[in-house]
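Have your viewer open as you read along.

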Amino acid sequence: MQFSDFAYVKPATLEEGLKLLQKSKGTAQILAGGTDVLFNMKMGLFQPETLINIKSLPELTNVEEQPDGTLRIGACCRLTDLIGHPLIAERYPALNKTIRGVASWHVRNMATIGGSLCLDTRCWYTNQSKEWRDAREPCFKTDGDICHVIKSSPDCVAINSSDSALILMVMDAHVTAAKVGTTRDIPLVDFYRDDGMDHTVLAPDEILTMITVPPCSDRLMFSKIAPREGLDFSLGAIAAGVTQSGDKVSAVKLVIGSLITQPLMLKNTAKIILDGGLGDDVIKSAAEHAVEEAGLLTNLYSLVAYKRELIKALVKRALTELRGD
Ligand SMILES: Cc1cc2nc3c(=O)[nH]c(=O)nc-3n(C[C@H](O)[C@H](O)[C@H](O)COP(=O)(O)OP(=O)(O)OC[C@H]3O[C@@H](n4cnc5c(N)ncnc54)[C@H](O)[C@@H]3O)c2cc1C
Ligand code: SF4
């Protein structure tokens with residue numbers, strides 16, 4: 001696995017980086033921690049003419065709390081720094097736990113939170129070397145016109161495996177995308193697309209600069225199933241939040257990930273809990289409904305039947321944990 005030639009630039013300011021990105025007209029790629037983008041380049045999945053290293057831009061590496069309790073996290077904060085940040089450790093234990101469970105500490109020492117949200121989608125075909133793939137037809141993602149995972153699929157069904165997206169969606173986070181001369185705010189729940197190839201709404205000339213988390217007093221949790229936690233991507237993951245006054249549940253959020261092309265907010269499943277509470281029977285029926293709400297599942301990384309059971313188990317685990325069992 002070797003790199004082809006590419007140019008490397010390290011802008012001194014965000015503005016300079018945005019101008020370089022705009023000028024490249026889609027031929028440059030953003031480099032943050034590089035744990036995903038460099039691996040994919042070595043695998044020959046894409047070959048940008050230029051890498052624009054934004055990792056050390058001072059505008060993107062701050063964590064701050066606003067007077068109203070809103071948390072702002074710069075997109076290039078390293079995962080390791082976020083785990084060690086006293087504000088996140090003390091006030092956001094579920095976010096801390098989620099980030100702590102992302103990959104190994106070697107990866108977390110390099111990886112950034114923005115990169116973790118923009119992480120490319122994966123499948124067993126693109127996870128192989130170029131030499132291995134060259135023995136087969138190219139797929140949609142490698143300039144072909146088929147999908148090897150689902151032969152009849154008109155689109156790429158590669159999986160989004162970002163763990164941090166799930167908990168941040170439950171926390172109602174939104175992200176700021178900047179391009180030359182302007183910025184826009186995007187609720188994280190609207191950031192992902194149901195398309196393994198073009199999996200976020202970021203435009204080619206935009207940089208994700210900040211993650212904003214509103215004040216949050218819900219009970220939150222995150223859990224995932226991985227063959228070897230700390231090394232492997234999740235086979236399935238869930239983040240959830242519940243607000244309760246007395247026995248009455250007043251808000252529920254459930255987001256599952258690593259199962260389809262995008263993190264999925266289970267709105268109808270949450271409504272079952274909202275209407276029925278957190279009793280055993282209601283949790284059981286919510287877990288069964290979650291499988292239906294997840295829709296079509298592929299056999300990517302595990303069998304469909306296993307994934308269906310996994311969704312049930314994750315929803316049950318999340319709701320019983322939040323109930324306080
Ligand atoms: C062995 C291994 C195990 C892993 N296990 C897990 C796991 O369990 N859970 C999990 O969630 N993840 C896991 N990951 C993925 C890991 O979290 C990501 O590789 C990492 O977070 C990416 O961050 P980065 O800063 O290195 O991004 P990069 O590799 O630099 O970039 C990733 C992508 O995002 C784009 N990008 C990065 N920053 C920005 C920005 N600010 N604006 C616009 N685009 C941007 C890049 O252009 C690129 O397309 C694993 C990775 C490895 C290598
Ligand atoms: S899921 Fe996407 S990347 Fe994988 S083979 Fe199908 S088209 Fe290619």
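Which residue stands opposite Ile207 in β8? Ala178 does. This is a predicted model, in which local features need pLDDT of at least 70 and side-chain atom pairs count only at pLDDT 80 or more, while totals for chains, interfaces and linings use all residues. Residues are numbered from 1 along each chain as its sequence is written, and side-chain values use heavy atoms, leaving out hydrogens and water.

**The sheet**

Strands β6 and β8 run antiparallel and are joined by five bridges. They belong to an open, antiparallel sheet of five strands, ordered β4-β5-β8-β6-β7; two strands pair if DSSP finds at least two bridges between them. Strands (E, at least two residues) and helices (H or I, at least four) are DSSP runs, numbered from the N terminus.

| Edge strand | Residues | Pairing |
|---|---|---|
| β4 | 63-65 | one side only |
| β7 | 182-187 | one side only |

Helix α1 (residues 14-24) packs on the sheet, touching β6 and β8. Contact here means heavy atoms within 4.5 Å.

**The cores**

A nonpolar core is a set of buried Ala, Val, Leu, Ile, Met, Phe, Trp, Tyr and Cys residues joined through side-chain atoms within 4.5 Å, where buried means under 20% relative accessible area (1.4 Å probe, protein chains only). The largest one has 40 residues, and Ile73, Leu95, Ile113, Leu168 and Ile211 touch the most other members. Helix α9 (residues 163-170) supplies its largest share, six residues. Beyond its neighbours within four places in sequence, Leu95 is in contact with Ile73, Ile88, Ile167, Leu168 and Met171.

How values were computed. Chains lettered and ligands numbered in written order. Buried < 20%, exposed > 50% of the residue type's maximum accessible area, 1.4 Å probe, protein only. Axes fitted to C-alpha atoms, helices over the stretch in contact; angles between N-to-C directions.
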